[in-house]
Amino acid sequence: MFRNSVISKTRQMWKLWVGIIALVVGSIAPLFEQTGIDWTLGTIIAIAGYGFTVAFVSCPACGQRWLFKALLDAGIYGPLLRESACPACEHGFD
Ligand SMILES: [Zn+2]
């Protein structure tokens, strides 16, 4: 999925998945008592996962935190997922 995206090209897709999985687990696990995860812990897991992704998915060339930038400007998501160059410094990762 998104093999040509700059996130894949820079081998950071796993960080995105960590964030997505934490967000899903933190949101759904508290619904099931047997997981032992209550809403407080679920919220912490979700926020930690999201924070991890926002803080650590960054451009190896210029260091811009892409997903933090995307928080401020949602128009960045498209280029991040479709193009293989950094939207900030335009360094290509092909
Ligand atoms: Zn860059």
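Val24 is found in helix 2. Helices here are DSSP runs of H or I with at least four residues, strands are E runs of at least two, and both are numbered from the N terminus. At a relative accessible area of 42%, Val24 is partly exposed. The scale is as follows: buried means under 20% relative accessible area, exposed over 50%, and partly exposed in between, with a 1.4 Å probe and protein chains only. Val24 and Leu81 are 57 residues apart along the chain, and their C-alpha atoms are separated by 20 Å.

This is a predicted model, in which local features need pLDDT of at least 70, side-chain atom pairs count only at pLDDT 80 or more, and totals for chains, interfaces and linings use all residues. Residues are numbered from 1 along each chain as its sequence is written, and side-chain values use heavy atoms, with hydrogens and water left out.

**Overall fold**

The protein chain has 5 helices and 0 strands. From the N terminus on, its elements run α-α-α-α-α. The C-alpha trace spans about 45 × 25 × 20 Å along its principal axes. Of the 94 residues, 33% count as buried. Contact means heavy atoms within 4.5 Å. Among the contacts with a separation of 6 or more, 49% come from residues 24 or more positions apart.

**Ile45 in helix 3**

Ile45 has its place in helix 3. Its relative accessibility is 25%, so Ile45 counts as partly exposed. Leaving aside residues up to four places away in sequence, Ile45 touches Ala22, Gly26 and Ile37.

**The zinc site**

Which residues hold the zinc ion as protein donors? They are Cys59, Cys62, Cys86 and Cys89, each through SG, at 2.3 to 2.4 Å from the ion. Donors are N, O and S atoms within 2.8 Å of the metal (3.2 Å for Na, K and Ca); water is not among the atoms, so sites may look incomplete. The site is tetrahedral, with angles of 104 to 117° among its 4 donor atoms. Four donors count as tetrahedral if all angles lie between 85 and 135 degrees. For four tetrahedral donors, the ideal angle at a metal is 109.5 degrees.

In sequence, the donor residues follow the spacing C-x2-C-x23-C-x2-C. Cys62 lies in the loop between helix 3 (39–56) and helix 4 (66–72), and Cys89 in the segment after helix 5, so the pair ties together parts 27 residues apart in sequence. Cys62 is partly exposed at 40% relative accessibility. Cys89 is partly exposed too, at 35%. A disulfide is a pair of cysteine sulfur atoms within 2.5 Å. By this rule the count comes to 0 disulfides.

**Aromatic pairs**

The structure holds 3 aromatic pairs. Rings of Phe, Tyr and Trp (its six-membered ring) pair if their centres lie within 6.5 Å; planes under 30 degrees apart count as stacked, over 60 as edge-to-face and the rest as tilted. Two of the pairs are tabulated here.

| Pair | Centre to centre | Angle between planes | Class |
|---|---|---|---|
| Trp14 and Phe52 | 6.0 Å | 50° | tilted |
| Trp66 and Phe93 | 6.5 Å | 75° | edge-to-face |

Trp14 in helix 2 (residues 13–28) and Phe52 in helix 3 link distant parts of the chain, 38 residues apart. Trp14 is partly exposed at 47% relative accessibility. Phe52 is partly exposed at 24%. Ring pairs also link Trp14, Phe52 and Phe56 into a cluster.

The other tabulated pair joins Trp66 in helix 4 to Phe93 in the segment after helix 5, so parts 27 residues apart in sequence are tied together.

**The salt bridge**

The structure holds 1 salt bridge. The term means a side-chain nitrogen of Lys or Arg within 4 Å of a carboxyl oxygen of Asp or Glu. Here the side chains of Lys9 and Asp94 meet, at 3.3 Å from N to O. Lys9 lies in helix 1 (residues 6–9) and Asp94 in the segment after helix 5 (77–82), so placed that the pair links distant parts of the chain, 85 residues apart. Lys9 is partly exposed, with a relative accessible area of 30%. Asp94 is exposed, with a relative accessible area of 78%.

Definitions and conventions
Tetrahedral: all angles 85-135°; square planar, octahedral: opposite > 155°, others 65-115°.
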